[in-house]
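Q: I would like to learn how to read an interface and a pocket. Could you walk me through an example?

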Amino acid sequence: MRQIIIIGSGPAGYTAAIYAARANLRPLVIASSVEAGGELMNTTDVENFPGFPEGIQGPELMMKMQEQAERFGAEVVYDDVVRLELEGAVKTVTLGSGESHEALAVIVATGSAYRKLGLADEERLSGHGVSWCATCDGFFFKNKTIAVVGGGDSAMEEATFLTRFASKVYVIHRKDTLRASKIMQERAFANDKIEFVWNAEVSGITGDDAVDGVRLRNTVSGDQSTLELGGLFVAIGNDPRTHLVHKQLALTPEGTIAVQGRSSRTTVAGVFAAGDVVDPTYRQAVTAAASGTVAALDAEHYLTSLPQDLLAQASEPELATVTE
Amino acid sequence: MTARAVTDATFETEVLNNEKTVLVDFWAEWCGPCRAVSPILDQIASEHAEKLDIVKLNVDDNPGLAAKYQITSIPAMKVFQKGEVVKTVIGAKPKPALEADLAAYLA
């Protein structure tokens, strides 16, 4: 049995791992098999993480966080959690491989998942012109007219990035003002290849084998129109990834994991939550990292309150049990 | 076992005229999810070597084939039988999910 398991490997997960490792808790980080490093793995320049005046590439930042956690003894497993049993003093974490691990404390830092438009043709045309990852797929839209849906920082970043490839990038936004930070807005406004389509909602995606356009509905007048496109990038936000803890931990009305006050304590003793999965508002790499710190410190405090005999069981290196 | 690379020059022999079922992984260096799924495909390749041949095609170096197969999102994994695409899987997925998608070609 372990003292602590951290689920997630974004800024929250790795920062929690750095703190827990430095507290000699030898954390096990379940990093995910294909999404290790989290959302920043699909971004390019990160310009707002303190300490990097020239900016840093998202994947590089995450690699450094991982190295920092491993330097102090964190162990990283590239697998996905398929089941969590959180009740009681000993928590069980079961992985996709069939392995299960026990721990006295668990930090849930599972982040958030891309929100979908929820349109009938979205799934069918996904990978055929509908994309959620500009850095992965922008390359395939050289000299094409494409659109980004959304009005936040990620939409601006994607739109600006996509102008490297596309001949024209529309930004389709439901309102007439952006939620994005001023610097990202100004960069997009100054870009000749970017044109804004304000007060517009995508009501349909068209195309037989590949996207050839979208249907738009004006959110003010209700008027319908169409726009011919070679591709559509969706950046309308994220939803907290809570499926593993449904019916085990209380959630907020926003759908994030409920925590007590400014702490990371969930409704189950020994279970802590950090990062985007608890944050409906800020959702920055820095705030996620800070919240990972809070979770590690809360977990450390919790562990010291446990009976010695339980802690003794968690002090020896465990062997994973396979229950396939 | 690491999946071997195919190119514009070898695609016909290695993929289209291959007697076995072949999965082609369309990928690129700059695609994070491609790098994440690559070791999983290597594992599937070694576990099912007798059933399925798994090869990788770099879309940067072989843009003609990427265009021919209308790749607009990577990783894109296309299963070929007798030169025809019989299945397409798009996006990096955990091993159990990929195995489920490919079940018909692994058994």
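A: Gladly, and let's start with the interface. The size of an interface is often given as the accessible area lost when the parts come together. In this predicted model, chain A and chain B bury about 1400 Å² between them, and carbon and sulfur atoms account for 64% of that area.

Q: Which three residues supply more than any others of the area that chain A buries against chain B?
A: They are A:Val34, A:Phe139 and A:Phe140, which together supply 40% of the area chain A buries there. The side of chain A that touches chain B divides into five nonpolar, eight polar and two charged residues.

Q: How many residues of each chain are in contact?
A: Contact involves 15 residues of chain A and 19 residues of chain B.

Q: And how many salt bridges and polar contacts are there between chain A and chain B?
A: The count of salt bridges is zero, while four residue pairs are in polar contact, with both residues at pLDDT 80 or more.

Q: Now the pockets, please. How much space lies in the second largest pocket?
A: Here is the idea: rolling a probe the size of a water molecule over the atoms shows where empty space is left. In this case, the second largest pocket holds about 440 Å³ of space. It is lined by 21 residues, and the closest to its centre are A:Val259, A:Gly261, A:Val278, A:Asp279 and A:Ser291.

Q: Which helix gives the most to the lining of that second largest pocket?
A: Helix H6 of chain A, residues 285–304, gives the most, with four residues. By type, the lining of the second largest pocket divides into nine nonpolar, nine polar and three charged residues.

Conventions
Residues are numbered from 1 along each chain as its sequence is written. Chains are lettered from A and ligands numbered from 1 in the order in which they are written. This is a predicted model: local features need pLDDT of at least 70, side-chain atom pairs count only at pLDDT 80 or more; totals for chains, interfaces and linings use all residues. Side-chain values use heavy atoms; hydrogens and water are left out. Contact means heavy atoms within 4.5 Å. Buried area is the accessible area (1.4 Å probe) that two parts lose on being put together, summed over both. A salt bridge is a side-chain nitrogen of Lys or Arg within 4 Å of a carboxyl oxygen of Asp or Glu. A polar contact is a pair of N or O atoms within 3.5 Å; within protein, one must be able to donate a hydrogen and the other to accept it, and residues adjacent in sequence count only if both atoms are side-chain atoms. Ala, Val, Leu, Ile, Met, Phe, Trp, Tyr, Cys and Pro count as nonpolar, Asp, Glu, Lys and Arg as charged, and the others, Gly among them, as polar. On a 1 Å grid over the protein atoms alone, a cavity is a set of points where a 1.4 Å probe fits but cannot get out, and a pocket is an open set with protein on both sides within 12 Å along at least five of seven lines; lining residues have an atom within 4 Å of a point. Grid points are joined across faces, edges and corners, and a volume is the space filled by probe spheres set on the points. Helices (H or I, at least four residues) and strands (E, at least two) are DSSP runs, numbered from the N terminus.
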